[in-house]
Amino acid sequence: MSPENGKHLPENYATGLNFEATELTLGLPGKPRVTISDGGAKSGTKRGFLETVDLNLGDKDCGQSQIDVQEAAKSPVSKAQVVGWPPVRGFRKNAMKSCKYVKVAVDGAPYLRKVDLQMYSSYQLLLSSLEDMFSCFIMRNYLNEKKIVDQVNGLEYVPTYEDKDGDWMMVGDVPWQMFVESCKRLRLMKSSEAIGLAPNTPPKCSSTT
Amino acid sequence: MLWVSRKTIKMNYFPDEVLEHMFFFITSHKDRNSVSLVCKSWYKIERYSRQRVFIGNCYSISPERLIARFPGLKSLTLKGKPHFADFNLVPHEWGGFVYPWIEALAKSRIGLEELRLKRMVVSDESLEFLSKSFVNFKSLVLVSCEGFTTDGLAAIAANCRFLRELDLQENEVDDQRGHWLSCFPESCTSLVTLNFACLKGEINLGALERLVVRSPNLKSLRLNHAVPLDTLQKLLMQAPQLVDLGTGSYVDDPSSEAYSKLKSVFQRCKSIRSLSGFFEVAPHCMSAIYPICRNLTFLNLSYAPGLHGNELTKLIQHCRKLQRLWILDCIGDKGLGVVASTCKELQELRVFPSDLGPGNAAMTEEGLVLLSEGCPKLNSLLYFCQQMTNAALITVAKNCPNFIRFRLCILDPVKCDPVTNQPLDEGFGAIVHFCKGLKRLSLTGLLTDQVFNYIGMYAEQLEMLSIAFAGDSDEGMLYVLNGCKKLRKLEIMKSRFGNAALLEDMGKYEAMRSLWMSSCEVTLGGCKTLAEKMPRLSVEIINESEQMEFSHDDRQKVDKMYLYRTLVGHRKDSPAFVCIL
């Protein structure tokens, strides 16, 4: 369980809460990554699906039927729901389905991780595992809060999660099983942003040594 | 005029027994087929001495003809459904039933010892029939089959007295909660291979332990998820001679007694070369297997989404002799960099997607390039990724000219090169150009007819080609059909190829095993024309939904067409939703 040396964060990690930008797809700096948007083309630094494909029929370079692209633009996700796509054996698809995997994002880290909540039986074990994964942080139990502190920059992180209703909550407020069932994804949020997150958020503590 | 008298040269130098002995050393199916074509006497000797037969399409020949030609048959391999059945493109009741084969073989005097089936429908009835019909039956291998339950396995266990191999790979098996493992009699001590990793239900752990104890020849043991780490430790104590191990559920508290016993028993398992399983995995427990890693040649972690980049790379750094690696894309591009710097003997890599949603794939072209730079022996690749560039493919082709199998799957199937916005024609063109021995290719990404031009020009050894969402016109398909002389299997989905391509060189299909086209531009009329002109082909139209009437409009596009050469005419067992023209 040896902690890694602190990593340099690449210059181009996206600001803001753009999770796609922090996905584990290491593009070279400066190169825009084209991703499938969740519905409609993305704005900002990323080019939408539409823009990367020439719409003209008969064009030698990027020949693509207009209808296909329009379909894709409407809902690019539908390509993945095409029968027979992606080409993964049914057996494998079924085997991978029965897990409770949620993405974990850390503010400022250039990658997302995934955890299987069913692997843990308590908050303690979960946070300990998160500590391993984002191994430049250490976990600190401060009063009744569960905080994670970055050794390098002294910033505090609060583990939060998005529940089934889309609300962002503090990790630890509900019984463990309830949490497992309702958690959609995790985010280690900078303390400064965590104020007012949930009704009973305790006041922010001063930074530790 | 000069008459030259022609003498028939007879290979009468050797008596039959000598020829037969010589043929014994010729084992590949291709070679034996060639031998049988030399002359009548060779044909005769070959057919009596042939013990192993491979039938790539169970509908291309009948069991009766097989039995008639090869009375000495001991081992039969049969494949049923077309490859795209793996991806839900073929309805379950389409066909591929093994029962008639077993029935015919049982009636004959064939002393069947081995049966290997892929994508076939296997009923409990056929398993029971099999188990009772062949006294010397030794080996059953089922890959991607369906239709049976653990009751069928119980029959095999109970009745096959000399069973050496029971190998179940990725089958859909209904678990009847029976005790099939307990059905192996006490007298059964001959097991060499036992693989039940794909079973979903509970296992009688006591019966399993007793079975392993009385199987001193056991070399390959692959457990299912229901076997806990504690039992694994006990099994390994009894079978330190294992060469191939598939763990069950690999979860425990690292401070437990079972885990510490496991650690020490792993140190004694010096023969393990192949490792798989890890269906549930506690990352903290992986260090126990480090002692085995240094000798591993095959590692399959593709069902272990609980292992992440760091844990994976730590593990892989111990595996310097790895030749084949199956992994999930949790490994990431950087993780492949670790593979590249550690596994210099790597020949085969498969990277599977851990999340099937679009835009969620973790791999990019960078991982593949890193891999190609470190592993020049790479010859087989399956790579699911988010994106690919032409530049990367060209680099990979130059670094690894030994590719035999190259399967790239970009999860967004029409994605172009994100750097240049160009289609991936040039990249794949480089693959077929530099990899002169390429036998199997799967393409994705934005692709025009040009890539097929390259394939037709350069892919001289290509035997199997899989195409999806590609091409602009019939020209594309024609390039392939005209250029790839060794093509045996062509499967196409959602591409703009139509009747002109289908009908240009119909004789070609007799030199191929099969052609699959779904959601393309071929019409019913085109298929009918083909079926009329080529009586030795079976042209099947598979209807999407059973309610749909088979239209009589020849202009109607066909949703799914599957055609294959056959020596025995149309099959009689097709369901209502299949129309054989």
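Helices here are DSSP runs of H or I with at least four residues, numbered from the N terminus. The model is a predicted one, and in it A:Pro86 is joined to A:Trp85 by a cis peptide bond, with omega at about -10 degrees.

B:Asn421 is not a glycine, yet its phi is positive, at about 60 degrees. This residue also sits in a loop, here the one between strand E16 (405–410) and helix H16 (425–434) of chain B.

Next comes the domain layout of chain B. The chain is split into domain 1, covering 13–50, and domain 2, covering 56–218. Taken over C-alpha atoms, the centres of these two domains of chain B lie 29 Å apart. How many residues of each domain take part in the contact between them? Six residues of domain 1 of chain B touch six residues of domain 2 of chain B. The size of an interface is often given as the accessible area lost when the parts come together. For domain 1 and domain 2 of chain B, that area is about 520 Å², with 47% of it on carbon and sulfur atoms. As for salt bridges across this domain interface in chain B, the rule finds zero.

Salt bridges do turn up elsewhere: the structure holds 29 of them over all chains. One pairs B:Arg32 with B:Glu46, and the closest N and O atoms are 2.7 Å apart. B:Arg32 belongs to helix H2 (residues 29–36) of chain B and B:Glu46 to helix H3 (residues 40–49) of chain B, so this pair ties together parts 14 residues apart in sequence.

Finally, there is a helix pair in chain B. Two packed helices are described by the angle between their axes and the distance between the axes. Helix H9 (residues 229–238) and helix H10 (residues 257–268) of chain B pack at about 35 degrees, and their axes are 9 Å apart. The crossing of H9(B) past H10(B) is left-handed. On the H9(B) side, the residues in contact are B:Leu229, B:Asp230, B:Leu232, B:Gln233, B:Leu236 and B:Met237. They meet B:Ala258, B:Tyr259, B:Lys261, B:Leu262, B:Val265, B:Phe266 and B:Arg268 from H10(B). Sorted by class, this contact between H9(B) and H10(B) has nine nonpolar residues, one polar and three charged.

Technical notes:
Residues are numbered from 1 along each chain as its sequence is written. Chains are lettered from A and ligands numbered from 1 in the order in which they are written. This is a predicted model: local features need pLDDT of at least 70, side-chain atom pairs count only at pLDDT 80 or more; totals for chains, interfaces and linings use all residues. Side-chain values use heavy atoms; hydrogens and water are left out. Axes are lines fitted to C-alpha atoms, for helices over the stretch in contact, and angles run from 0 to 180 degrees between N-to-C directions. Helices (H or I, at least four residues) and strands (E, at least two) are DSSP runs, numbered from the N terminus. A crossing is left-handed if the near helix is turned anticlockwise from the far one by less than a right angle, and right-handed if clockwise. Contact means heavy atoms within 4.5 Å. Ala, Val, Leu, Ile, Met, Phe, Trp, Tyr, Cys and Pro count as nonpolar, Asp, Glu, Lys and Arg as charged, and the others, Gly among them, as polar. Domain bounds come from an automatic or database domain assignment. Buried area is the accessible area (1.4 Å probe) that two parts lose on being put together, summed over both. A salt bridge is a side-chain nitrogen of Lys or Arg within 4 Å of a carboxyl oxygen of Asp or Glu.
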